[in-house]
Amino acid sequence: MSVRVERVYEAPDGGVRVLVDRLWPRGLRKEDAQLDRWAKAVAPSTELRRWFHGPQGEYREFARRYRAELEAPDAQRELDGLCAAAGSGELVLLTAVKEPARSHAEVLLEVVRERCEQR
């Protein structure tokens, strides 16, 4: 099983490509994205995203709150689907954020790896 995070603007480099942002990436046409799936259910809520980018936002607290959101039934079903995709080869979690290493995509990467290893 191989799971990694990439920016959606980068050229595809194999694997099952899944967009994990709630909003469509600016300046990217849908036909150019070369996505296999758009997993909105595992993206942070609008409220959490706004909190994180506001004056009170702190990464560790954001990660804790985001992990709690991922316990929702819709997110759990989507995580199962991501594990299935990872089990059949390489899974690429795509995001438009400028710093994927300090974003929801990095937290989601950890969650997906943990969940898929338990199976």
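The legends below describe close-up views of a predicted model.

Residues are numbered from 1 along each chain as its sequence is written, and side-chain values use heavy atoms, with hydrogens and water left out. Local features need pLDDT of at least 70 and side-chain atom pairs count only at pLDDT 80 or more, whereas totals for chains, interfaces and linings use all residues.

**View 1**
Four strands form an open sheet in the order β1-β4-β2-β3, and the pairing is parallel. At the edges stand β1 (2-7) and β3 (37-38), each with a single partner strand, so one side of each is left without a neighbour in the sheet. Strands (E, at least two residues) and helices (H or I, at least four residues) are DSSP runs, numbered from the N terminus. Two strands count as paired if DSSP finds at least two bridges between them. The parallel strands β2 (residues 16-19) and β3 are joined by two bridges, and Leu19 stands opposite Trp38 in β3.

**View 1. Strand β4 and its two partners.**
Six bridges connect β4 with β1 in the parallel sense, while four bridges connect β4 with β2, also in the parallel sense. Within β4, Val92 is the bridge partner of Arg4. Val92 is also the bridge partner of Arg17, and Leu93 is that of Val18. Five of the six residues of β4 are buried, so this strand is largely enclosed by the rest of the structure. Here buried means under 20% relative accessible area, exposed means over 50%, and partly exposed lies in between (1.4 Å probe, protein chains only).

**View 2. Arg17, a buried arginine in strand β2.**
Arg17 lies in β2 and is buried, with a relative accessible area of 4%. The side chain of Arg17 reaches the backbone oxygen of Ala33 at 2.9 Å. Such a polar contact is a pair of N or O atoms within 3.5 Å; within protein, one must be able to donate a hydrogen and the other to accept it, and residues adjacent in sequence count only if both atoms are side-chain atoms. Leaving aside neighbours within four places in sequence, the residues in contact with Arg17 (heavy atoms within 4.5 Å) include Glu6, Glu10, Asp36 and Leu94. Arg17 and Arg37 are separated by 20 residues in sequence and by 6.7 Å in space, C-alpha to C-alpha.

Glu31 lies in helix α1 and is exposed, with a relative accessible area of 56%. The side chains of Glu31 and Arg29 make a polar contact (3.2 Å). Between Glu31 and Lys98 there are 67 residues in sequence and 22 Å in space, C-alpha to C-alpha. Gln34 is found in the loop between α1 (30-33) and β3. Phi of Gln34 is near 55°, a positive value in a residue other than glycine. Gln34 counts as partly exposed, at 47% relative accessibility.

In helix α3 (residues 59-69), the buried residues are Tyr59, Phe62, Ala63 and Tyr66. These residues cover an arc of only 100° around the axis, which puts them on the same side of α3; the arc is that of the directions from the helix axis to the C-beta atoms. On the other side of α3, Arg60 and Arg64 are exposed. The buried residues of α3 pack against α2 (46-53) and α5 (104-118). At the start of α3, a side-chain oxygen of Glu58 comes to within 3.1 Å of the backbone nitrogen of Arg60.

**View 3. Helix α4 and its surroundings.**
α4 has 15 residues and spans 21 Å from its first C-alpha to its last, close to the 21 Å expected at 1.5 Å a residue; the expected span is 1.5 Å times one less than the number of residues. The buried residues of α4 include Ala75, Leu79, Leu82 and Cys83. Among the elements that cover the buried residues of α4 are β1, β2, β3, α3, β4 and α5. After α4 comes Gly89, whose phi is positive, near 150°.
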